[in-house]
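Reader: Could you walk me through one part of this model up close, the sheet and what packs against it? I'd like the cut-offs spelled out as you go.

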Amino acid sequence: MAPDLLTAENLQSGYGRIPILFGISLSIAEGEFIGILGHNGMGKSTLLRTLMGHIVPTGGSIHLAGRDVTRASPAARSRAGIGYVPQGRQIFPALSVMDNLRVGAAHQSPKQAKAIIDQVIEDLPRLKPILSRAGGVLSGGEQQILALARCLCAHPKLILLDEPTEGIQPSIIEEMKDTLKALARSRNLSILLVEQNLEFISDLATRVLVIKRGQLSGEIDPAKLHDADLAGEFLPA
Amino acid sequence: MDYLLVVLLQIAGAVGNLALVSVGLAVIFGMMRVINLAHGEFIMLGGFAAIFSVQAGINIWLAMLVIAPLSVAVLGVLVERLVMRRLYGRMVDTMLASWGLSLLLIGLATTFFGNRVVGVAAPVGSFRIGEYSLGAYDFVLAGIALVVFAAGYAILRFTRVGLVARATMQNREMASSLGIEPSRVYAVTFAIGSALSGLAGGLLAPISGVLPTMGVAYVAKAFITVITGGASVITGTALSSTLLGSINTVSTFITTPVLGDVALLLAATIFLRLLPTGITGRIFKGAP
């Protein structure tokens, strides 16, 4: 059994005075791929934003590789090994694809940064012909691949992936699935995936946790997500 | 022919002057979305720093090019740490805070330096074109403005520091998710913007003199220039300075300096009506 990379205990957070998470405890082992499933508004994205440090928790703790990062800034968490691919991708629109990647590798030494970027482009060859194009003019699928590539440039051990299939054409979703599988295996990445696409989540995750009203309410066998009746429970009406 | 050459050289001088006065505000507003209403007072303090340094026996070039920007950069670091850092993302609050700071700086300068104009002689003399005599210092200013803008463009476009600054400007939260500390980027940006305001004050001291209330005259022109330039800090400010500086000078030649300023304001109003996001909101999009 691989050791835990990230542990959250009794995590509570929200927006201003509105509480969203009510004591979430979870742990992700090195190389583990966990899916988070839940209806809209249940706290899935809030959980990822809290783990990344964009929302300061009102209670509980977060440890990364044994180190307490509960109060660390998002930048410090990134440098410690947490990567984040947010919902909506958040590409730097006026920067070229190459410059988006360079920003991802900005805290590495120039030599390391070049090596990391070269490796990422090799792993995600779809980016090669569009390196000089501005991020803002790419298609949704290309932006999603760029967002993942940019995150990889920061050399994470754990990736927080928020609804990567949202608004993406099916052929790119399939490509992304294969890429994520290969990357997770080759880099021994831990991935926490929030997703509404049940087929995507069931094909990738080794464990699927269900979030309901800001609390983890249970765990589902990923294989069972192909069951249409069960799927209906988690898909938006 | 001589007259045309004189007008063209005067335009170059006016463009350089406007560009220098605006660039500090452009850096702070463009990169951080903070409207620094104390910008004029930063220019004033740069002017005082240069003049007092010269009076203390320091070489005038050293006073204008090094001491003035460094002194105001130190003030900028303090202002950013003590005031602005708490107000990022709240544009109205930053305007109010910097307005208060502006009044405080005017009051302090008046108390300590007196409400009178102090000056220093320009370090270079004049030259003749036919029967016209022109001050060479205006062209020194235009040359320095050119160097400042070229350096600013090169830093933002070609260096890692510039890339990080542009990324933070476009999406602060995403930049922080990639290991960049926005607070550090903002502190450096505010210090650089303040230093550029101080540099403008130091360089303008020989031609305009320095008075505690002089900032008001500069902040309005600088603000109009920056807004007309649009989102791109360097390219936008360079283009709008060229455009508005030319209109201002030509109108002044044809009419009077007051009507020249009216023409500048009118031109800026028309441009913003036609291009609400500024010049670089339509052309040269994405340039630094």
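Author: Strand β9 of chain A (residues 207-212) is joined to β10(A) by five bridges, and the two run antiparallel. Strands here are DSSP runs of E with at least two residues, helices are runs of H or I with at least four, and both are numbered from the N terminus. Two strands count as paired if DSSP finds at least two bridges between them. Within this pair, V210(A) has G218(A) of β10(A) as its bridge partner.

Some housekeeping: this is a predicted model, where local features need pLDDT of at least 70, side-chain atom pairs count only at pLDDT 80 or more, and totals for chains, interfaces and linings use all residues. Residues are numbered from 1 along each chain as its sequence is written, while chains are lettered from A and ligands numbered from 1 in the order in which they are written.

Zooming out, the pair belongs to an open sheet of six strands in chain A, ordered β6-β7-β8-β3-β9-β10 with mixed pairing. At the edges sit β6 (82-85) and β10 (215-220) of chain A, each pairing on one side only. From one strand to the next, the twist averages 20°. Angles run from 0 to 180 degrees between N-to-C directions, with axes as lines fitted to C-alpha atoms, for helices over the stretch in contact.

Now the helices. Helix α1 of chain A (residues 44-52) lies across β3 (33-37), β6, β7 (158-162), β8 (190-194) and β9 of chain A, at about 150° to β7(A). Helix α5 of chain A (residues 140-153) packs on the sheet too, touching β6 and β7 of chain A, and its direction makes about 165° with that of β6(A). Contact means that C-beta atoms, placed from the backbone, lie within 7 Å.

A149(A) is worth a look as well: leaving out residues up to four places away in sequence, A149(A) touches L101(A), V120(A), L124(A) and L127(A). The largest nonpolar core has 155 residues, and those with the most contacts inside it include A149(A), I36(A), L160(A), L192(A) and A50(B). Such a core is a set of buried Ala, Val, Leu, Ile, Met, Phe, Trp, Tyr and Cys residues joined through C-beta atoms within 7 Å. Buried means 20 or more other C-beta atoms within 10 Å of a residue's own, exposed means 12 or fewer, and partly exposed is in between, again with C-beta atoms placed from the backbone.

Technical notes: Two residues are in contact if their C-beta atoms, placed from the backbone, lie within 7 Å.
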